[in-house]
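The sequence and structure are shown first.

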Amino acid sequence: MSFDGNLSNSYFYFNQKDNISKLTLFGDVSSTEVILSKIMFKEEYGLDVNIEISQNRNIENKNKLIVWDDNFTSGDVNLGLSLSEKISDIFDFPTPFVNYAFVSFDKEKIKIFDDIAEEIQNKILNTKENSELFNSFNEASKNFIIENISSLIFNLDEVDREGLVEILKVPYYYGLIKDLIDVNFK
């Protein structure tokens with residue numbers, strides 16, 4: 001799954017703009033959000049931000065990165081700063097931000113998944129005409145998703161493959177891992 005625009009699964013909200021030394025992550029947090037947040041704050045603001053992961057929704061007065069649904073159910077997505085857009089800006093990626101990838105040694109499983117991903121991608125592209133998928137969100141979030149849905153990509157094409165290779169280089173360049181990861185798309 002990749003993002004090529006403002007639509008993302010993760011958004012930053014700054015409630016303590018005068019003190020950005022701590023960032024609270026909430027939601028379906030993965031190591032990707034932790035690593036990229038630390039790098040982003042170092043690169044963009046020259047800060048070594050302290051990361052805390054919270055299971056408590058009551059984090060209104062904190063600088064935070066919220067991952068997944070809470071961005072849209074709260075209706076605050078229009079107030080947030082997209083992680084995918086920020087990563088693309090900072091690292092000057094000409095490719096989408098690949099956030100999740102399905103991998104397997106079994107080519108048949110990859111083929112089945114590719115077919116499903118293609119089907120999902122086609123449904124997403126038809127979402128503007130079929131917006132009842134987002135009826136559980138408030139009107140602002142629903143409109144935001146519909147306006148930006150074309151930037152959500154489920155099938156891995158060549159430009160997404162390049163994006164995956166680029167994002168996997170970032171931790172190496174910042175000294176977080178010792179070796180570059182060699183990606184094999186066989």
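## Second largest pocket

In this predicted model, the second largest pocket has a volume of about 290 Å³. Its lining comprises 16 residues, and those nearest the centre are Trp 68, Phe 72, Phe 134, Ile 149 and Leu 152.

Helix H4 provides the largest share of this lining, namely three residues. Divided by class, the lining of the second largest pocket contains 13 nonpolar residues, one polar residue and two charged residues.

## Largest pocket

The volume of the largest pocket is about 1100 Å³. A total of 35 residues line the largest pocket, with Ala 101, Phe 102, Val 103, Leu 164 and Phe 185 lying nearest its centre. Of the elements involved, H6 gives the most, with six residues.

The lining of the largest pocket is made up of 23 nonpolar, seven polar and five charged residues.

## Packing of H1 against H6

The crossing of H1 past H6 is left-handed.

On the H1 side, the contact is made by Ile 35, Leu 36 and Ile 39, and on the H6 side by Ile 167, Val 170 and Pro 171. The class count for the contact of H1 with H6 is six nonpolar residues, with no polar and no charged residues.

## Packing of H1 against H3

The axes of H1 and helix H3 (residues 83-90) likewise come within 11 Å, and they cross at roughly 50 degrees. This angle makes H1 oblique to H3. The two helices form a left-handed crossing.

From H1, the contacting residues are Glu 33, Leu 36, Met 40, Glu 43, Glu 44 and Tyr 45; from H3, they are Leu 83, Lys 86, Ile 87 and Ile 90. By class, the contact of H1 with H3 has six nonpolar and four charged residues, and no polar ones. Leu 36 of H1 takes part in the contact with H6 and also in the contact with H3.

Definitions and conventions:
Residues numbered from 1 in each chain as written. Predicted model: local features only at pLDDT ≥ 70, side-chain atom pairs only at ≥ 80, totals over all residues. Heavy atoms only, no water. 1 Å grid on protein atoms, 1.4 Å probe; cavity = no way out; pocket = protein on both sides within 12 Å on 5 of 7 lines; lining within 4 Å. Points joined across faces, edges and corners; volume = space filled by probe spheres on them. Helix = DSSP H or I, 4+ residues; strand = E, 2+ residues; numbered from the N terminus. Nonpolar A, V, L, I, M, F, W, Y, C, P; charged D, E, K, R; others polar. Left-handed = near helix turned anticlockwise from the far one by under 90°. Contact = heavy atoms within 4.5 Å. Axes fitted to C-alpha atoms, helices over the stretch in contact; angles between N-to-C directions. Parallel < 35°, antiparallel > 145°, perpendicular 65-115°, else oblique.
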